[in-house]
Amino acid sequence: MDFNRFVAARSAPLFRGALVLTGNRETAEDLVQETLERVCRKWRTIAAKDAPDAYVRRIMVNLANDRWRRFRRTVPHQDTGDMAAPGDEYGRIDSRDQLVRALQSLPMRMRTVVVLRYFHDLSDAEIAADLRISQSTVRSQLARGMEKLRSQFPALSGPSPRQPEEGTR
């Protein structure tokens, strides 16, 4: 696959992940642009890899971590809103904003694990490989992150859907 086709196919998923990681549309656009700029410079090497998507996600996560360290917020956002009523489109937008803000309150690694699991649909093994951490660390970060999110959104306190693991039943 050439770089132009890769960009056309993967820009939207990269942007969605960047938006959740950064919480801001403009910053997410900058993050995706910077990621693709770095990818373009080394495209021949990246394209030859077994999993170029994973490599590109890793670049994006590293860049997001660097930005997070540089621009860490000091004042947490206090959520005063309620969950949206079914069919309330404006309320759904508010809920989405609240979710992004809640994700922003998580530590970076925890947020990254939650984003890779629920926004990129990656397995524990794929997340562990992307972040160079153990699968047990992925599971514990995911559990802690979801616990923190559920404490901010009581309506989410029900069980989350689990991804089936290969070979187990």
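Let me begin with glutamine 141, which lies in helix H8, where helices are DSSP runs of H or I of at least four residues, numbered from the N terminus, and strands are runs of E of at least two. Because its relative accessibility is 13%, glutamine 141 counts as buried, with buried meaning under 20% relative accessible area, exposed over 50%, and partly exposed in between, using a 1.4 Å probe and protein chains only. Leaving out residues up to four places away in sequence, glutamine 141 touches Arg109, Met110 and Val113, a contact being heavy atoms within 4.5 Å.

Residues are numbered from 1 along each chain as its sequence is written, and side-chain values use heavy atoms, with hydrogens and water left out.

Staying with H8, its 18 residues should span 26 Å at 1.5 Å a residue, and its end C-alpha atoms are 26 Å apart, which agrees; the expected span is 1.5 Å times one less than the number of residues. The buried residues of H8 are Val138, Gln141, Leu142, Gly145, Met146 and Leu149. Viewed down the helix axis, these buried residues fall within an arc of 130°, so they line one face of H8, the arc being that of the directions from the helix axis to the C-beta atoms. On the other side of H8, Glu147 and Ser151 are exposed.

Not counting residues up to four places away in sequence, leucine 149 touches Ala102, Leu103, Leu106 and Val114. In the largest nonpolar core, which has 39 residues, those touching the most other members are Leu21, Val39, Val113, Val114, Ile127, Leu131 and Leu149; such a core is a set of buried Ala, Val, Leu, Ile, Met, Phe, Trp, Tyr and Cys residues joined through side-chain atoms within 4.5 Å. At least two residues of this core come from each of H1, H2, H3 (43-47), H4 (52-70), H5 (89-105), H6 (108-118), H7 (124-131) and H8 (135-152), and H1 gives the most, with seven residues.

What does the chain contain overall? There are eight helices and zero strands, and 37% of the 169 residues are buried. Among contacts between residues at least 6 apart in sequence, 65% join residues at least 24 apart.

Turning to H2, residues 25-41, this helix has 17 residues and reaches 24 Å from its first C-alpha to its last, close to the 24 Å expected at 1.5 Å a residue. Ala28, Leu31, Val32, Thr35, Leu36 and Val39 are buried in H2, and they line one face of the helix, because seen down its axis they fall within an arc of 125°. Glu26, Gln33 and Arg41, on the other side of H2, are exposed. The N-terminal end of H2 is capped by asparagine 24, a side-chain oxygen of which lies 2.8 Å from the backbone nitrogen of glutamate 26.

Glycine 23 lies in the loop between helix H1 (3-22) and H2, and because its relative accessibility is 29%, glycine 23 counts as partly exposed. Leaving aside neighbours within four places in sequence, glycine 23 is in contact with Ala18, Val100 and Gln104. Glutamine 104 has its place in helix H5 and counts as buried, at 9% relative accessibility. The side chain of glutamine 104 reaches the backbone oxygen of valine 20 at 3.4 Å.

In H7, the buried residues are Asp124, Ile127, Ala128, Asp130 and Leu131, and since they fall within an arc of 165° seen down the axis, they line one face of H7. Just after H7, arginine 132 takes a positive phi of about 60°.

Finally, confidence. The chain averages a pLDDT of 79, and 74% of the residues score at least 70, pLDDT being the predictor's confidence in each residue, from 0 to 100. Confidence is highest in H2, at a mean of 93, and lowest in H5, at 68. Over residues 73-84 the pLDDT stays under 50, and the model has twelve contacts for them beyond four places in sequence. Residues 88-93 also have pLDDT below 50, and this stretch has two contacts in the model beyond near neighbours in sequence. Where pLDDT is low, the predicted coordinates should not be read in detail.

Technical notes
This is a predicted model: local features need pLDDT of at least 70, side-chain atom pairs count only at pLDDT 80 or more; totals for chains, interfaces and linings use all residues. A polar contact is a pair of N or O atoms within 3.5 Å; within protein, one must be able to donate a hydrogen and the other to accept it, and residues adjacent in sequence count only if both atoms are side-chain atoms.
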